[in-house]
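Hi! Here are my notes on this one, written to be read with the model open beside you. Have a look at it first, then work through the points.

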Amino acid sequence: MPSTSIGAFAHNFLGSAPAWYKQIIVLFLLINPIALWALGPQATGWLLIGEFIFTLAMALKCYPLLPGGLLATEALLLGMTTPEALYHEVETNLPVILLLMFMVAGIYFMKSLLLVTFTNILLHVRSKYLLALLFSMTAALLSAFLDALTVTAVIISVAVGFYSVYHKVASGKGHQHKSHNHVSDHEVIDLHREDLEGFRAFLRSLLMHSAVGTALGGVCTLVGEPQNLLIAKTAGWNFAEFFLLMAPVSMPVLAAGLLTCVVLEKLQLFGYGARLPRPVLLVLKEFAEAERAKRTPNQKAALIVQAIAAAILVVGLALHLAEVGLIGLLVIILITSFNGVTDEHQIGKAFEEALPFTALLVVFFAIVAVIHEQHLFTPIITWVLSLPPEQQPGMFFIANGVLSMISDNVFVATVYIGEVKQALDAGDITRAHFDQLAIAINTGTNLPSVATPNGQAAFLFLLTSAIAPLVRLSYGRMVIMALPYTVVLGSVGLASVIMFT
C-alpha cells in the first residue's frame with residue numbers, strides 16, 4: 001500500500017489498471033492541451049480519436065468509460081466541442097439510450113425462459129454439429145428481437161451452471177453438494193480429468209458458435225445491436241423497412257455463417273468439433289431432471305408470463321407500435337407485475353448490465369461532437385463520395401469493418417452515419433444512394449467486427465465473464481476460433497453489399 005498522499009492518489013487513479021496503462025492515459029491528458037496550442041484543433045482532434053480508440057482496444061485493462069470519459073471531459077474543457085453540441089447528440093440519439101436502458105432490462109426478466117430453452121437444446125440434441133447449429137440459430141433468432149448481451153449472458157449462465165455441476169462430480173461430490181470451488185481443479189479425480197477437458201472444449205465451441213450467432217441475428221433487425229437503431233433513426237426506417245433493406249446482405253451472410261458452423265464442426269477445425277463426453281451427459285441429465293422435479297406451480301406460471309411478454313415484444317417491434325425502448329419498458333412492467341417482482345432492489349438489478357454501456361455511449365457522443373465540430377471526417381467522406389457510385393458502398397463496408405475490428409462498432413457507426421447524413425442534407429448524394437451507404441455502414445460495423453472481442457460487445461462480455469477462465473477461453477483463442485467466421489462473414493457481406501445494394 002502507498003505510504004504518501006501522492007502515492008495514494010496514483011494508486012487509486014483508474015484502480016487496478018496496470019501502471020503502464022495509467023501512465024499512458026496521463027500522458028494523453030498532458031499532450032492534448034500542448035497539441036491544441038502547437039498543432040491546432042484538427043490535428044488534436046485526430047489525436048483524440050486515436051487516444052479514444054486506444055481506450056476501446058484496451059477495454060480488458062480498464063472499462064473505457066473511465067479513461068474515455070476523462071478524454072471527452074478534457075475535449076469539452078479545451079473548447080474542441082461544447083456541452084450544447086454534446087446534448088444535441090444525446091437528444092438526437094435518445095431512442096438508442098432508451099433501447100439500452102429499458103430493452104436490456106426487460107429481457108433480464110425473461111432469463112428463466114431463455115435458460116429453459118437453451119438447457120433443453122443442450123440435453124436433447126445428440127448430434128454435435130446439429131447442436132452447434134441450433135445454438136447458433138437460436139442465438140441469432142433471439143438476438144434479432146432481443147438484446148445480444150442478454151442472450152450471451154443466458155448462454156453463459158447455462159454453461160457455468162452445467163460446468164459447476166460436473167466439476168462437483170469430477171471432484172468426488174454429488175451435484176446437490178452446496179459448497180464447492182469449481183474454479184480450482186485441485187480436488188478433481190484423475191479418472192475424470194480427461195472428461196473435464198473434453199467438456200471444456202465442448203463448451204468453448206458452443207459459446208463461440210452462440211456469440212457469432214448473436215452477430216448473425218443482430219445485423220438483421222433494428223433492435224439487434226445499438227448501432228442498428230442509431231442508423232435506422234438517422235435514416236428514418238421502421239422495423240420492417242430496416243429488415244427488408246438489410247435482407248439482401250444479412251440473409252446470404254446468415255446462410256453462409258450457419259454453413260460455416262456445420263463445416264467447422266464436421267471437419268473439427270480451429271478448435272471446434274469437440275463432443276460432450278457421455279459421463280458428463282449422464283450427470284447433466286440427472287441434474288436437469290432433479291431441477292425440473294423441484295419446479296413449483298409459481299415458477300411454471302412465471303415461465304408462461306415470460307412467453308406471453310416475449311410474444312407481445314415481437315408483435316410490438318414488428319408493427320412498430322411505439323419506440324423500441326418504450327416497448328422494453330412495457331415488458332418490464334408486464335413481467336414484474338404478473339410475476340410478483342415488487343422489490344425495488346430486485347428490479348434495480350435488471351439495470352446494472354445496461355447502464356455502464358449507456359454512460360459509455362454518451363461519451364461516444366462527446367467524441368462524435370468533436371468530430372462534427374472540427375469537421376474531421378469531411379475530407380475522407382468527400383474522397384469516398386468522389387469515387388464512382390458503385391464503388392462507394394464497398395469502400396464504406398471495408399472502412400467500417402477494419403475500424404470495428406479494433407474499436408467499438410457502435411462508435412464507428414455513430415461517426416460514419418452522421419457524416420453521410422450531413423452529405424445527404426447538403427444535397428451531395430441522393431436519398432437512394434444514402435440508403436445504400438447506410439446499409440454498408442450497418443453491415444460493415446456488424447460483421448467483420450467478430451474478428452476480435454474489441455469490436456463486438458457480446459464477444460467482450462464473453463471474454464470477461466466467469467465462464468472464460470473455466471473453459472480456458474483466452475483472448476488469443478477467441479481470435480483464432482473467430483477467424484473462419486471473420487473471413488466468411490466479411491467476404492460474403494462485402495460481396496453482397498457490392499452486388500445487391
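Which residues lie nearest the centre of the largest pocket?

1. **Before we start.** This is a predicted model, where local features need pLDDT of at least 70, side-chain atom pairs count only at pLDDT 80 or more, and totals for chains, interfaces and linings use all residues. Residues are numbered from 1 along each chain as its sequence is written, and side-chain values use heavy atoms, with hydrogens and water left out.

2. **The largest pocket.** Back to that opening question: Ser112, Leu115, Val116, Arg295 and Gln299 lie nearest the centre, out of 28 residues in the lining. The pocket's volume is about 850 Å³. In case the word is new, a pocket is an open set of points on a 1 Å grid over the protein atoms alone, where a 1.4 Å probe fits, with protein on both sides within 12 Å along at least five of seven lines; lining residues have an atom within 4 Å of a point. The volume is the space filled by probe spheres set on the points, and grid points are joined across faces, edges and corners.

3. **Who builds the lining?** Two or more lining residues come from each of α7 (111–124), α9 (148–170), α13, α14 (297–318) and α16 (344–352). Helix α7 gives the largest share, six residues. These labels are DSSP runs numbered from the N terminus (helices are H or I, at least four residues; strands are E, at least two). Sorted by class, the lining has 12 nonpolar, 10 polar and six charged residues. Here Ala, Val, Leu, Ile, Met, Phe, Trp, Tyr, Cys and Pro count as nonpolar, Asp, Glu, Lys and Arg as charged, and the others, Gly among them, as polar.

4. Find Gln299 in helix α14. Gln299 is partly exposed, at 42% relative accessible area (buried is under 20%, exposed over 50%, partly exposed in between, with a 1.4 Å probe and protein chains only).

5. **A helix pair.** Two packed helices are described by the angle between their axes and the distance between the axes. For α11 (residues 226–235) and α21 (residues 431–446), the angle is about 175° and the axes are 10 Å apart. That makes the two roughly antiparallel (over 145 degrees; under 35 is roughly parallel, 65 to 115 roughly perpendicular and the rest oblique). Axes are lines fitted to C-alpha atoms, for helices over the stretch in contact, and angles run from 0 to 180 degrees between N-to-C directions. On the α11 side, the contact includes Gln227 and Ile231, while Phe434 and Ala438 are among the residues from α21. Contact means heavy atoms within 4.5 Å. Five nonpolar, six polar and one charged residues make up this contact.

6. **Leu245 and its neighbours.** Leu245 sits in helix α12 and is partly exposed, with 27% relative accessibility. Setting aside residues up to four places away in sequence, Leu245 touches Trp237 and Ile439.

7. **Ile367: buried or exposed?** Buried, with a relative accessible area of 1%. Ile367 belongs to helix α17 (residues 355–374). Leaving out residues up to four places away in sequence, it touches Leu48, Phe52, Ala72 and Phe411.

8. Most residues other than glycine have a negative phi. Leu14 has a positive phi, near 55°; look for Leu14 in the loop between α1 (5–12) and α2 (19–39). Leu14 is also buried, at 13% relative accessible area. Gln268 likewise has a positive phi near 55°, and is found in the loop between α12 (239–267) and α13 (278–293).
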